[in-house]
Amino acid sequence: MSTPSRPDRPDQPQHPHQTRRPGRTPADDAVEHRWVQSARFAAHLRQLRSATGLPWRVLALACGVSPRTVDRLLGGGRPPRRIRQVDARRLLLLDTRALAALELELVKADGTTARLRALVGLGVPLSQLCSELRIDRTELLDLISGRRRRCSAMVRLRTRAACQSRRMWTWSEDVGPTESEEAA
């Protein structure tokens, strides 16, 4: 049995089942897989959580790092000694100013409306959703009904986190174009 030959071009997969996202190079993949010590980033996350009161799932979504990594950095399970360098960069870019800006940034509410309808269909009480999303009942009902076409980027993140916590969407399903990117 022969092994598959390697392609001549370095940007081509080395294995028939290996794929690379479009526009990525081997150098991009190499940087993504470098590791750094995690203690500094765990401290940064603890400080952010303390300063903002945001749940760890929202912090994970805000910086684009997997919820499992953020949870472990904040003490949920065995803390990692190292994290990927790409995650470390994303964590450092997240600060209180960036999080405050998400409260002011308006985005299309289509995905949020669909998620809220699914949560209500699951039987989540409206009072609990108001508390989790930090919005009043009128705004929540306007979002669920579709009367409100825009919401803050933070409400969108909180809604995604609410769905994740109920295992309605996995991390990989929830990553992708945001409502504001879809509008572009």
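**Salt bridges and helix packing**

Trainee: Where do Asp87 and Arg90 lie, and how many residues apart are they?

Mentor: Both are in helix 5 (residues 85-93), 3 residues apart, which is about one turn of the helix. Helices here are DSSP runs of H or I with at least four residues, strands are E runs of at least two, and both are numbered from the N terminus. Before we go on: this is a predicted model, where local features need pLDDT of at least 70, side-chain atom pairs count only at pLDDT 80 or more, and totals for chains, interfaces and linings use all residues. Residues are numbered from 1 along each chain as its sequence is written, and side-chain values use heavy atoms, leaving out hydrogens and water.

Trainee: Why does that spacing matter in a helix?

Mentor: An α-helix has 3.6 residues a turn, so residues three or four places apart point the same way.

Trainee: OK, and what do Asp87 and Arg90 form?

Mentor: They form a salt bridge, with the closest N and O atoms 3.8 Å apart. The term means a side-chain nitrogen of Lys or Arg within 4 Å of a carboxyl oxygen of Asp or Glu. Asp87 also has a salt bridge with Arg84, at 3.0 Å.

Trainee: Is Asp87 buried or exposed?

Mentor: Asp87 is buried, at 4% relative accessible area. Buried means under 20%, exposed over 50%, and partly exposed in between, using a 1.4 Å probe and protein chains only. Arg84 is partly exposed at 23%, and so is Arg90 at 34%.

Trainee: How many salt bridges does the structure hold?

Mentor: There are 9. One of them joins Asp110 and Lys108, 3.5 Å from N to O.

Trainee: New topic! Which residues touch the most other members of the largest nonpolar core?

Mentor: Leu91, Leu99, Leu116 and Leu140 do, in a core of 40 residues. Such a core is a set of buried Ala, Val, Leu, Ile, Met, Phe, Trp, Tyr and Cys residues joined through side-chain atoms within 4.5 Å. Helix 10 gives the largest share, 7 residues.

Trainee: What does Leu140 touch?

Mentor: Setting aside residues up to four places away in sequence, its contacts (heavy atoms within 4.5 Å) include Leu116, Leu129, Cys130 and Leu133.

Trainee: Which residues of helix 8 are buried?

Mentor: In helix 8 (residues 126-133), Leu129, Cys130 and Leu133 are buried. Looking down the axis of helix 8, the buried residues fall within an arc of 100 degrees, so they line one face. That arc is taken from the directions between the helix axis and the C-beta atoms. On the other side of helix 8, Ser127 and Ser131 are exposed.

Trainee: And what covers the buried residues of helix 8?

Mentor: The cover includes helix 7 (110-121), helix 9 (137-145) and helix 10.

Trainee: At what angle do the axes of helix 7 and helix 9 cross?

Mentor: They cross at roughly 105 degrees and come within 8 Å. That makes helix 7 roughly perpendicular to helix 9. Axes are lines fitted to C-alpha atoms, for helices over the stretch in contact, with angles from 0 to 180 degrees between N-to-C directions. Angles under 35 degrees count as roughly parallel, over 145 as roughly antiparallel, 65 to 115 as roughly perpendicular, and the rest as oblique.

Trainee: Which residues meet there?

Mentor: From helix 7, Thr113, Leu116, Arg117 and Val120 meet Leu140, Leu143, Ile144 and Ser145 of helix 9.
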